[in-house]
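Please read these notes with the sequence and the 3D view open beside you. They take up one topic at a time.

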Amino acid sequence: MVSHRPRLSPIPIAILITVAAVFAVGPVGAQDGTTIGIGFGPIASYPEEFSGGGCDASNVGFNLGARRGMTSSVALEASIAWTGSVSTSCAADALSRPAPLDGETYRRTTLPDPISGETFWATRVGAVVTPWQLGGVTPLVRLSAGRLWSKELWTWTWGAGVRYAFGRQGIVVEFDRWNLGYDAVAETWVYREAAFDELQLRETVERRPRPWFVRVGWELTVGR
């Protein structure tokens with residue numbers, strides 16, 4: 001049986017609580033109001049199991065988020081992300097490939113049903129820290145936790161970026177590192193032309209992909 005347990009580490013939650021406590025005494029100022037933003041960009045190191053089907057894809061992501069300043073340096077943020085592919089080329093279907101010779105070994109990997117498929121959508125909550133502001137340029141450091149609903153996976157992410165402000169609007173260049181975890185079952189079989197194939201080995205293999213989400217976005221701050 002494939003193990004498919006949530007793997008939400010307590011470490012990012014502890015960090016979020018610590019960061020919030022450290023900055024809680026700071027005055028409200030630089031992050032007054034609610035900031036709404038959208039971003040779009042490529043995804044690197046996309047999990048191979050998410051692509052599947054022998055296809056090569058250029059993966060991209062879209063992010064919609066909102067954050068509310070709690071202190072001069074910390075804001076709480078909620079976001080929703082979607083990923084997909086913009087172009088795909090596929091190799092010959094596995095059914096058209098010749099069968100192995102009698103007595104040859106081959107490997108087969110079984111994944112939890114929701115894992116396969118090029119797209120996913122996810123929601124996250126976390127904290128955004130702006131350690132300083134120099135003119136209209138502000139660095140951003142982000143830590144969040146959430147769930148890939150279509151993959152039935154928990155995740156935690158960290159990232160950073162830079163915001164170029166003009167009035168209450170801003171252009172943001174940023175990245176996130178997603179930390180995922182799930183198990184697969186790898187089997188080794190011996191092909192038999194005139195009989196049932198023979199199972200030689202079955203083992204559980206840990207998958208720990210770490211995709212990067214790089215994006216450019218636009219933000220608008222509203223309210224006070």
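Which residues have the most contacts inside the largest nonpolar core?

1. The largest nonpolar core has 15 residues, and those with the most contacts inside it are Phe50, Ile115, Phe120, Leu148, Leu153, Trp178 and Tyr182. Strand E5 (120-129) and strand E9 (182-190) are the elements that give two or more residues to this core. A nonpolar core here is a set of buried Ala, Val, Leu, Ile, Met, Phe, Trp, Tyr and Cys residues joined through side-chain atoms within 4.5 Å, where buried means under 20% relative accessible area with a 1.4 Å probe and protein chains only. In soluble globular proteins, nonpolar side chains tend to be buried together.

2. Before going further, please keep in mind that this is a predicted model, in which local features need pLDDT of at least 70 and side-chain atom pairs count only at pLDDT 80 or more, while totals for chains, interfaces and linings use all residues. Residues are numbered from 1 along each chain as its sequence is written, and side-chain values use heavy atoms, with hydrogens and water left out.

3. The protein has two helices and 11 strands, which are DSSP runs numbered from the N terminus (helices H or I, at least four residues; strands E, at least two). Of its 224 residues, 39% are buried.

4. Leu148, one of the core residues named above, is in contact (heavy atoms within 4.5 Å) with Phe50, Phe120, Trp121, Ala122, Leu153, Thr155, Trp178 and Leu180, once its neighbours within four places in sequence are left aside.

5. Strand E9 deserves a separate look: nine of its nine residues are buried, so E9 is largely enclosed by the rest of the structure. Tyr182, Ala184, Ala186, Thr188 and Val190 are buried on one side, and Asp183, Val185, Glu187 and Trp189 are buried on the other.

6. E9 also has strand partners, where pairing requires that DSSP finds at least two bridges between two strands. Strand E4 (residues 105-110) and E9 pair in the antiparallel sense over six bridges, with Val190 in E9 as the bridge partner of Thr105. E9 and strand E10 (residues 198-207) pair in the antiparallel sense over nine bridges, and Glu187 stands opposite Arg202 in E10.

Technical notes:
Buried < 20%, exposed > 50% of the residue type's maximum accessible area, 1.4 Å probe, protein only.
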